[in-house]
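The sequence and the coordinates come next, followed by questions and answers.

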Amino acid sequence: MIEARHLRVLRAVAVTGSFSAAARELGCTQPAVSQQMKALEASVGTPLLVRTGREMRMTQAGEALVRHAAGVLAGLTAAEEEVAAIAGLRAGRVRLVSFPSGSSTLVPAALAALRDAHPGTRVSLEEAEPPRSVEMLRGGDCDVALAFRYEGASGAEEWDDLVVRPLLTDRLVGLVPERHPLAHAESLSIGELAGEPWIAGCPRCRGQLVEVCESAGFAPRIDFATDDYPAVAGLVGAGLGVAVLPQLAVDSVRPRGVRTVTLEPAVRREIVALTLPDLARVPAVGATLDQLARAGGR
């Protein structure tokens, strides 16, 4: 195997014309240059230099290797500079995947702070709900995934193979039309809404709604289901039903004609940023996790 340090010695010998001059240029001893040239000739299996009296000239193989050495060494230098820039957060790219309510609440503040601190770092954003976002992370399609899981939910994902950065705990709240009899209640149990028509959110939230309602002794009558949080709020505001959404989702919209009420007992979900252990050591990924944690108040 040809080593970069040997190519540097070969190029110095070719440019200066002698071992002693090459040693001076490289800042080492003449025996060290001679030893490295012998190691290079042994690795390629052919002489690279011919000595005739006091003169030294390259063989055809030596000339070919010197010609390629310039490009190889230039490429290595460029690679070293690029890696140093990434390691120093002067450059770098992070692929971020987030669920929609995280994209509109946590992500903007985090990315703005990241850009201020490290303007050379570029972040791309794609939206996906868990578990799809977690699958993308494990599949190499992103570097950081925002995800959530409900406390005590059945079939909760295992994240033992991932680096988990907690961001915040998000509580479910009830949404009722502002003219609803319970609109001004400080808190209520979900069982008090058992006879209402329901508007359900994303599939994950829909499943959690059914679990919470069943634990309270009833099955919700879901009249409408939509992945769009503003649509959920709009349907509630029009008096077409009630809903339960995470507080983060409510914060991501400006509901009109809607009252939010605290649910008791509390139902919470854990919001986290996930990455792979190897990626966690990449400076740009680490900086992104830090800013997401700050945006979540952790």
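Q: Which residues form one aromatic cluster?
A: Phe99, Phe148 and Tyr150 form it. Before going further, note that this is a predicted model, in which local features need pLDDT of at least 70 and side-chain atom pairs count only at pLDDT 80 or more, while totals for chains, interfaces and linings use all residues. Residues are numbered from 1 along each chain as its sequence is written, and side-chain values use heavy atoms, with hydrogens and water left out.

Q: How many aromatic pairs does the structure hold?
A: It holds two. Rings of Phe, Tyr and Trp (its six-membered ring) pair if their centres lie within 6.5 Å; planes under 30 degrees apart count as stacked, over 60 as edge-to-face and the rest as tilted.

Q: Why is the pair of Phe99 and Phe148 called edge-to-face?
A: The ring centres of Phe99 and Phe148 are 5.0 Å apart and the planes stand at 85°, so this pair is edge-to-face.

Q: What makes this pair a tie between separate parts of the sequence?
A: Phe99 sits in the loop between strand 3 and helix 5 (100-117), and Phe148 in strand 5 (residues 144-150), so the pair ties together parts that are 49 residues apart in sequence. Helices (H or I, at least four residues) and strands (E, at least two) are DSSP runs, numbered from the N terminus.

Q: Why does the pair of Phe148 and Tyr150 get its label?
A: For Phe148 and Tyr150 the centres are 6.0 Å apart and the planes meet at 80°, so this pair too is edge-to-face.

Q: How do you know whether Phe99 is buried or exposed?
A: Buried means under 20% relative accessible area, exposed over 50%, and partly exposed in between (1.4 Å probe, protein chains only). Phe99 has a relative accessible area of 1%, so it is buried. Phe148, at 0%, is buried, and Tyr150, at 6%, is buried as well.

Q: Why are helix 1 and helix 2 called oblique?
A: Helix 1 (residues 4-16) and helix 2 (residues 19-26) pack at about 120°, with their axes 8 Å apart. Axes are lines fitted to C-alpha atoms, for helices over the stretch in contact, and angles run from 0 to 180 degrees between N-to-C directions. Angles under 35 degrees count as roughly parallel, over 145 as roughly antiparallel, 65 to 115 as roughly perpendicular and the rest as oblique. Helix 1 and helix 2 are therefore oblique to each other.

Q: Which residues of helix 1 and helix 2 meet?
A: Arg8, Val9, Ala12, Val13 and Thr16 in helix 1 touch Phe19, Ala21, Ala22, Glu25 and Leu26 in helix 2, where contact means heavy atoms within 4.5 Å. The residues of this contact divide into seven nonpolar, one polar and two charged. Here Ala, Val, Leu, Ile, Met, Phe, Trp, Tyr, Cys and Pro count as nonpolar, Asp, Glu, Lys and Arg as charged, and the others, Gly among them, as polar.

Q: What makes helix 1 and helix 4 oblique?
A: Their packing angle is about 125°, and their axes are 9 Å apart. Helix 1 and helix 4 are therefore oblique to each other. On the helix 1 side the contact includes Ala4 and Leu7, and on the helix 4 side Gly62 and Leu65 are among the residues. By class, this contact has 11 nonpolar, one polar and three charged residues.

Q: Why does His6 count as buried?
A: His6 has a relative accessible area of 6%, so it is buried. This residue lies in helix 1. Leaving aside neighbours within four places in sequence, His6 is in contact with Gln36, Ala39 and Leu40.

Q: What makes Leu114 buried?
A: Its relative accessibility is 1%, so Leu114 counts as buried. Leu114 is placed in helix 5. With neighbours within four places in sequence left aside, its contacts include Pro119, Val123 and Ala287.
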